[in-house]
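Hi everyone, thanks for coming.

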Amino acid sequence: GGAAAEKPRFLQLAATVRKGDGVVTAPGAGQAVDAPKGPAPAAPSGHGAPAGTGAFTGTIPAGWTPKAGSSRQLHHTFGADGEVYVSALGGELQQNLDIWRHELQLEPLTAEQFAALPKLPLLGADGVLMDVAGDYAGMGGRRIPGARMLVAARQVDASIVFVKLFGPAGDVAAQVEAFAAFCSSIRRDP
């Protein structure tokens, strides 16, 4: 057990991170980092596969600042250490949510918990909203003790389109309404 035993699986998962049709290498992917406690959920089949879905646009809330140097679409920062971005991945919706839960040291969703997730408008239909808290440990080694994460996601054709917002819990609490408004404003460019 322990972080050292999980390092190979963690690095294997980190190596699958993709965005659009280009490969994004997670910072620290070749360095020794402490993996989250427990085994990471297996990457779903197609997780990180190029989505090939075109660009997204949305109405950016006041107080969100474009993240310098980011290759992600609609990638912004807020508060002291918060981030929000829109992306698309392959795989199954619940499996992707479980990977993000693992970043907060949380167990995978049960089928009942998944079915009970609240709905949130995303790309003209209902997506699911996952609102979770814990100590954030991202794949690139970034840590945020006492974090909160909001993820709105829905299956669109062969992709999971999602909006992920995370940061210190207090900063995230101040963004809940802005997050919902942002999600409902997102459109895919033709």
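Let's begin with a question: is Glu83 buried or exposed? Glu83 is buried, with a relative accessible area of 8%; buried means under 20%, exposed over 50%, and partly exposed in between, using a 1.4 Å probe and protein chains only.

Before going on, a word on the basis: this is a predicted model, where local features need pLDDT of at least 70, side-chain atom pairs count only at pLDDT 80 or more, and totals for chains, interfaces and linings use all residues. Residues are numbered from 1 along each chain as its sequence is written, and side-chain values use heavy atoms, leaving out hydrogens and water.

Now, the structure holds five salt bridges, each being a side-chain nitrogen of Lys or Arg within 4 Å of a carboxyl oxygen of Asp or Glu. One of them joins Glu83 to Lys67, with the closest N and O atoms 3.8 Å apart. Glu83 sits in strand β6, Lys67 in the loop between β4 and β5, 16 residues apart; strands here are DSSP runs of E, at least two residues, numbered from the N terminus. Lys67 is partly exposed at 32%.

Glu83 also pairs with Arg142, and there the closest N and O atoms are 2.2 Å apart. Arg142 lies in the loop between β8 and β9, so this pair ties together parts 59 residues apart in sequence. Arg142 is partly exposed too, at 24% relative accessibility.

Finally, Asp131 forms a salt bridge with Arg148, at 2.6 Å between the closest N and O atoms. That one runs from strand β8 to strand β9. Thanks, all!

Definitions and conventions. Helix = DSSP H or I, 4+ residues; strand = E, 2+ residues; numbered from the N terminus.
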